[in-house]
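Colleague: I would like to learn how to read a model like this one with you. Could we go through it feature by feature?

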Amino acid sequence: MQILFKIGGVVAVSCWLLSSPAQAQTHESLPGLDKQLAVFLGNEQGAVGGARGVIDRRLKMRKCPEALQMEKRSEGLAIIKCTSLNWRISVPLIQQSHGGHRVRQSQMMVKRGQPVLLVARKSGFLVSRQMQADRGGRLGEIIPVRATRKSRPILAEIVGQGRVALPVF
């Protein structure tokens, strides 16, 4: 009976020791991604041209075996992606207006559950579709919208009262 307790204890301790370091190495460091993004953008978080906030700490992205790719899709959106593992993170950016000041973001432009018009522009073409907002937001924020309750959400930028647009590709 004592042998079984000793074997069980050894197995439990070895599982604990093996799981802790392995788990820490399998996920991407989100604070590290925040720092890499700030260097890529040339602006700190909270500054005009920088990220609006930290990357959502609830994300558990597998560690990318290659160098991360970062791109700025528009003045209001940056993308961090790992092509080999097929994941990407969309990061909203703080924009500036034509006068060099921050865009006024005090008024809620879209409310959760509100029908919104999704607009996509590319090469002189304009396509629009009625969608529903999953979250409320202010001018320039990126929110998820969907066609029906069961469809997958699409990230779109709020461009006006009840209007959202797809980021430029």
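Modeller: Gladly, and let us begin with burial: a residue is called buried when its relative accessible area is under 20%, and exposed when that area is over 50%. Keep in mind throughout that this is a predicted model.

Colleague: Is Val91 buried or exposed?

Modeller: Val91 has a relative accessible area of 4%, so it counts as buried. It sits in strand β3. Beyond its neighbours within four places in sequence, Val91 is in contact with Leu37, Ala51, Ile55, Gly76, Leu77, Ala78 and Ile80.

Colleague: How much of the chain is buried?

Modeller: Buried residues are 30% of the 169 in the chain. The chain has two helices and 10 strands, and in sequence order the pattern is α-α-β-β-β-β-β-β-β-β-β-β. Of the contacts with a separation of 6 or more, 42% join residues 24 or more positions apart.

Colleague: How should I read a charged residue such as Glu28?

Modeller: Glu28 is in the loop between α1 and α2, and at 12% relative accessibility it counts as buried, because the cut-off is 20%. Its side chain reaches the backbone nitrogen of Cys64 at 3.0 Å. Not counting residues up to four places away in sequence, Glu28 touches Leu33, Met61, Arg62, Lys63, Cys64, Leu68 and Trp87.

Colleague: What can a phi angle tell me about Asn86?

Modeller: The general idea is that most residues other than glycine have a negative phi. Asn86 has a positive value, near 60°. This residue lies in the loop between β2 and β3, and its 70% relative accessibility is why it counts as exposed.

Colleague: Which residues are closest to the centre of the largest pocket?

Modeller: Let me give the volume before the residues. The largest pocket holds about 980 Å³ of space. Of its 27 lining residues, Ile89, Ser90, Val91, Ile142 and Leu155 are the closest to the centre. Strands β2, β3, β8 and β9 each supply at least two lining residues, and β3 gives the most, with five. By type, the lining has 17 nonpolar, two polar and eight charged residues.

Colleague: Where is confidence lowest and where is it highest?

Modeller: The rule to carry with you is that where pLDDT is low, the predicted coordinates should not be read in detail. In this chain, helix α1 (residues 2-26) has the lowest confidence, with a mean of 51, while strand β8 (residues 142-146) has the highest, at 93. Over residues 98-103 pLDDT stays under 50, and the model has 11 contacts beyond four places in sequence for that stretch. For the chain overall, the average pLDDT is 79, and 78% of the residues score at least 70.

Methods: Residues numbered from 1 in each chain as written. Predicted model: local features only at pLDDT ≥ 70, side-chain atom pairs only at ≥ 80, totals over all residues. Heavy atoms only, no water. pLDDT = per-residue confidence, 0-100. Helix = DSSP H or I, 4+ residues; strand = E, 2+ residues; numbered from the N terminus. Contact = heavy atoms within 4.5 Å. 1 Å grid on protein atoms, 1.4 Å probe; cavity = no way out; pocket = protein on both sides within 12 Å on 5 of 7 lines; lining within 4 Å. Points joined across faces, edges and corners; volume = space filled by probe spheres on them. Nonpolar A, V, L, I, M, F, W, Y, C, P; charged D, E, K, R; others polar. Buried < 20%, exposed > 50% of the residue type's maximum accessible area, 1.4 Å probe, protein only. Polar contact = N/O pair within 3.5 Å; in protein donor to acceptor, adjacent residues only side chain to side chain.
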